[in-house]
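Me: I would like to learn how to read a protein structure one feature at a time. Could we go through an example together, with the general idea before each case?

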Amino acid sequence: MGDLKLAVAGFGVRGKHWVSAISSDLIGELAGVIEPNLERVPENLHVFSSVAEGISSKIDGLIVASPPSTHREIVEIALNEGIPTLCEKPLSPAMSEAKALAEISRRTGTPLLVGMNFRFVAASRGLRELVSTNEFGAPMFADFTYIRNRDGRRPDLNDYPLIMDQPMLIDQSIHHLDLMRYAYGREVVRVSAVTWNPATSVYTDDSCVGAVLEFEDGLIVNYLGTWTSGTNRFDFRWRTDFVDGTVIQNEQFGALAASRRDPSLSFGSKLHDIEVEPPQVIGWGPSEPFVDDTNALLSHFIDVILGKDAPGPTAHDHLLTLNLIDSIIEASREGVRVEVLDRAESLGLVVPH
């Protein structure tokens with residue numbers, strides 16, 4: 001049996017990932033799940049009727065995997081009781097609520113992490129290392145494409161995004177925007193963007209996002225993310241061009257590939273050469289989807305509870321991603337380029353430089 005008692009609020013798609021991860025962990029022990037829909041939960045799992053009941057059972061940590069609209073109430077109760085909490089994204093769709101939770105975490109000294117699990121994918125960590133060590137020189141520009149036909153009516157998907165405001169941006173692109181901040185180690189200075197909803201979309205609000213992100217130090221990223229595609233084929237590609245080479249992730253959980261620029265070939269190869277300097281796999285993956293990353297995040301959360309590691313990403317870090325999301329919405333709605341860092345500072349957010 002494990003040493004730490006953990007509870008999971010919500011037993012949807014993501015909640016099941018967490019239950020599986022805890023069940024296979026050597027330190028964490030599943031105390032039970034908090035889930036109002038009892039038909040969802042197998043008979044072998046203990047069910048708490050409320051957050052208060054879960055806390056009264058002397059849990060050591062809480063993982064919140066319920067719909068975003070429920071996050072504030074659950075997280076607030078846990079933090080005020082001094083229970084370290086890991087909450088799935090977004091902490092709240094409303095900046096004011098997310099800021100309030102971050103402040104409770106600060107005031108009470110209770111760790112509050114946001115479950116940005118893709119930070120724990122091997123390829124994401126590899127790209128971050130390549131950027132920080134300047135292996136290929138400074139990053140110049142990048143292209144991040146996520147094209148998927150996600151039908152939210154499927155029984156194996158969460159259905160709450162069907163009626164959310166900005167479902168693609170708030171439930172999916174949030175991961176990509178956070179990943180870019182994490183891997184590149186810098187903030188978005190300004191953004192131009194458009195969001196829209198094709199006629200074939202099953203969502204009530206925009207399921208597509210296009211943005212040009214201007215990061216610190218001159219890095220430019222072109223981003224396209226959609227849940228309404230012309231095909232059911234999933235297409236993920238993240239390419240970063242550095243001064244001296246290119247790093248590519250061709251699959252969401254795949255390994256990194258890279259090619260280094262040979263200056264002698266600038267004049268020595270044929271024009272429009274599609275074969276020169278072919279990318280070679282350099283490691284950092286592949287990862288088992290939603291298993292390796294979830295297990296790594298769980299291990300980190302346990303270390304935070306035990307005082308062995310500082311939490312990350314924190315709620316205050318997450319506020320910067322939420323500000324970027326709100327900036328994209330504003331840029332699309334107003335048809336303007338939004339100064340993201342100025343906006344963050346006007347909200348009183350701490351911006352690292």
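This is a predicted model: local features need pLDDT of at least 70, side-chain atom pairs count only at pLDDT 80 or more; totals for chains, interfaces and linings use all residues.

Me: Which other residue has a positive phi, near 70°, although the residue is not a glycine?

Reply: That residue is Asp217, which sits in the loop between strand E9 (208-215) and strand E10 (220-226). With a relative accessible area of 68%, Asp217 is exposed, because exposed means over 50%.

Me: Is Ile22 buried or exposed, and what is its relative accessible area?

Reply: The relative accessible area of Ile22 is 2%, so this residue is buried. Ile22 belongs to helix H1 (residues 13-23), and, leaving aside residues up to four places away in sequence, Ile22 touches Leu6, Val8, Gly28, Glu29, Leu30, Ile63 and Leu298. Sequence and space can also be set side by side: Ile22 and Val121 are 99 residues apart in sequence, while their C-alpha atoms are 18 Å apart in space.

Me: What does His175 touch, once residues up to four places away in sequence are not counted?

Reply: His175, which lies in helix H6, touches Lys89, Gly115, Met116, Asn117 and Phe118 on that count. Its relative accessibility is 6%, and His175 therefore counts as buried.

Me: How do the axes of H4 and H8 cross, and within what distance do they come?

Reply: Two packed helices are described by the angle between their axes and by the distance between those axes. Here the axes of helix H4 (residues 95-108) and helix H8 (residues 315-334) cross at roughly 170° and come within 10 Å, which means that H4 is roughly antiparallel to H8. On the H4 side the residues in contact are Met95, Ala98, Lys99, Ala102 and Arg106, and they meet Ala315, His316, Leu319, Leu322, Asn323 and Asp326 in H8. Sorted by class, this contact of H4 with H8 has 6 nonpolar, 2 polar and 3 charged residues.

Me: How many residues line the second largest pocket, and which lie nearest its centre?

Reply: Rolling a probe the size of a water molecule over the atoms shows where empty space is left. The second largest pocket is lined by 19 residues, and those nearest its centre are Arg119, Arg128, Arg181, Tyr182 and Asp317. Helix H5 (122-132) and helix H6 (167-184) are the elements that give two or more residues to this lining. About 400 Å³ of space lies in the second largest pocket, and its lining has 5 nonpolar, 5 polar and 9 charged residues.

Note on methods: Residues are numbered from 1 along each chain as its sequence is written. Side-chain values use heavy atoms; hydrogens and water are left out. On a 1 Å grid over the protein atoms alone, a cavity is a set of points where a 1.4 Å probe fits but cannot get out, and a pocket is an open set with protein on both sides within 12 Å along at least five of seven lines; lining residues have an atom within 4 Å of a point. Grid points are joined across faces, edges and corners, and a volume is the space filled by probe spheres set on the points. Helices (H or I, at least four residues) and strands (E, at least two) are DSSP runs, numbered from the N terminus. Ala, Val, Leu, Ile, Met, Phe, Trp, Tyr, Cys and Pro count as nonpolar, Asp, Glu, Lys and Arg as charged, and the others, Gly among them, as polar. Buried means under 20% relative accessible area, exposed over 50%, partly exposed in between (1.4 Å probe, protein chains only). Contact means heavy atoms within 4.5 Å. Axes are lines fitted to C-alpha atoms, for helices over the stretch in contact, and angles run from 0 to 180 degrees between N-to-C directions. Angles under 35 degrees count as roughly parallel, over 145 as roughly antiparallel, 65 to 115 as roughly perpendicular and the rest as oblique.
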